[in-house]
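Here is a short note for someone meeting this structure for the first time. Please read the points with the model open beside them.

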Amino acid sequence: MDRPLIEPQSLAKSCNEALILACLEEGPRHGYQIALDIEEKGGGYFRFNHGTLYPILHKLEKEGLIKGAWSDEGPRGKRKSYGLTAKGRRYVANLRSGWREFIEHFLEVVEAEE
Amino acid sequence: MTSFAEVLRPLSARLPLPQPARTRVLLEIAADLEDMYRHYRASGLSEEEARLKAVEAFDLSDEALAELVRVHTSFFRRLLDRLSSQAQSRWERGLLLIVAGTLSFVCVHLVLRGEVVAVAGTQVWPTLICGMAGLTLGLIKFYQIHIKQDHELRRARRWLDAIAILAGVQVILGFLVAWFSLYLTARRMAEDVEYAGVHLFNWLVSASALLSVSLMGALLTAMIWFALARRVAGIADAEAALLT
């Protein structure tokens with residue numbers, strides 16, 4: 001894997017990327033849907049400005065982890081939706097175990113010894 | 001017409017991306033803004049409240065914009081930014097100057113060695129200077145629009161018409177100088193009747209060479225202007241389609 005799974009120096013960014021990729025694992029979505037889904041499932045912890053979505057989505061698209069596709073939705077006009085690529089699916093699988101490991105280590109450090 | 005044009009217009013001005021990337025980004029945001037607005041309307045908010053909430057949710061911070069620009073900036077563009085940045089070291093600037101100077105010298109040398117230019121003589125200089133100015137300006141605009149991809153409309157349009165004017169000036173200068181040299185030749189013919197035919201022949205050769213250089217230069221300059229103007233019109237159309 002040529003891309004680091006988690007970048008501790010920019011944890012918020014890594015976290016947002018992971019949330020977006022995990023959300024897209026369920027199927028293609030429009031930008032605003034991604035933000036709403038994450039907010040809905042996040043129980044109030046992952047409320048982020050929708051404007052910050054675009055740099056992340058475009059970066060992931062450039063890296064080939066997701067693929068954007070324009071579709072004409074009649075009176076609603078053109079809409080761009082994003083879906084995971086095969087490379088993205090493989091990456092998400094690794095990402096999940098990476099985050100699990102990261103959180104385990106994090107808890108080991110912060111939890112008080114009994 | 002998109003109902004969020006007043007939000008997208010200032011955003012477009014803050015987004016220094018080349019076309020069509022800028023239009024695509026704005027279209028995507030516009031579509032999501034409208035969907036967000038519908039979502040808030042469906043959740044029971046009034047039109048104005050839904051609109052305000054949608055705009056609030058999609059506010060792109062300077063940091064997010066910079067990140068977006070960085071994502072869409074190619075390696076080549078980053079390299080060019082580095083070359084034209086203020087942060088260049090002295091040796092970098094010196095090297096660029098030497099390369100530009102050598103290229104200019106070689107170009108001028110090649111033009112002057114051309115047979116037609118030599119036959120036309122010194123009278124071709126005003127036309128040649130105009131042609132060189134037009135070509136240089138054309139190259140600068142080409143670099144700005146196609147390589148550096150600075151698609152800010154006001155900057156893209158600046159000096160563009162000067163290229164067309166220089167093309168026109170080359171034609172006018174060519175005919176004026178040829179006409180003036182005909183006057184001088186006529187005087188010479190009157191003073192030297194015995195060789196009047198020779199004088200007339202010499203004028204014909206030099207004037208036709210001069211006009212050939214003028215017209216070819218004007219044609220080339222006009223073609224460069226046309227190609228650049230079409231590209232700028234395309235950029236303007238792409239923005240107008242989205243924002244009006």
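1. Start with one term. Contact here means heavy atoms within 4.5 Å. By that rule the contact between the two chains takes 23 residues from chain B and 21 residues from chain A. Keep in mind throughout that this is a predicted model.

2. Chain A comes next. Chain A has four helices and three strands. Along the sequence they run in the order α-β-α-α-β-β-α. The C-alpha trace of chain A spans about 60 × 30 × 25 Å along its principal axes. Of its 114 residues, 44% count as buried. Take the contacts in chain A with a separation of 6 or more: 50% of them join residues 24 or more positions apart.

3. Look at the hairpin in chain A. Strand β2(A) covers residues 66-72, and strand β3(A) covers residues 78-84. The two pair in the antiparallel sense, over seven bridges. Ala69(A) stands opposite Ser81(A) of β3(A). Five residues lie between the strands. In this hairpin Gly74(A) takes a positive phi near 60°.

4. Why is helix α3(A) described as largely enclosed by the rest of the structure? The helix runs over residues 53-62, and eight of its ten residues are buried, so the rest of the structure largely encloses it. The buried residues include Leu53(A), Tyr54(A), Pro55(A) and Ile56(A). His58(A) and Lys59(A) are also among them. The packing partners come from both chains: α1, α2, β2 and β3 of chain A, together with α2 and α4 of chain B. After the helix comes Gly64(A), with a positive phi near 80°.

5. Now the nonpolar cores. In soluble globular proteins, nonpolar side chains tend to be buried together. Here the largest nonpolar core has 24 residues. Among those with the most contacts inside it are Leu8(B), Leu11(B), Ile29(B), Met36(B) and Phe58(B). Five helices each supply at least two residues of this core: α2 of chain A, and α1, α2, α3 and α4 of chain B. The largest share, seven residues, comes from α2(B). A second, separate core has 23 residues, including Leu19(A), Cys23(A), Ala35(A) and Phe48(A).

6. Which residues does Met36(B) touch, not counting those up to four places away in sequence? From chain A, Met36(B) meets Tyr32(A), Leu36(A) and His50(A). From chain B, Met36(B) meets Ala54(B) and Phe58(B).

7. Return to the interface. Chain B and chain A bury about 1,900 Å² between them, with 60% of it on carbon and sulfur atoms. Glu28(B), Asp35(B) and Val71(B) supply 30% of the area that chain B buries against chain A, more than any other three residues.

8. Two salt bridges are found between chain B and chain A. Arg79(A) forms a salt bridge with Asp35(B), the closest N and O atoms being 2.8 Å apart. On the side of chain B that touches chain A, helices α2, α3 and α4 of chain B each supply at least two residues. Helix α2(B) gives the most, with twelve residues.

Definitions and conventions. Residues numbered from 1 in each chain as written. Chains lettered and ligands numbered in written order. Predicted model: local features only at pLDDT ≥ 70, side-chain atom pairs only at ≥ 80, totals over all residues. Heavy atoms only, no water. Pairing = 2+ DSSP bridges. Core = buried A, V, L, I, M, F, W, Y, C linked by side-chain atoms within 4.5 Å. Buried < 20%, exposed > 50% of the residue type's maximum accessible area, 1.4 Å probe, protein only. Buried area = accessible area lost by both parts, 1.4 Å probe. Salt bridge = Lys/Arg side-chain N within 4 Å of Asp/Glu carboxyl O.
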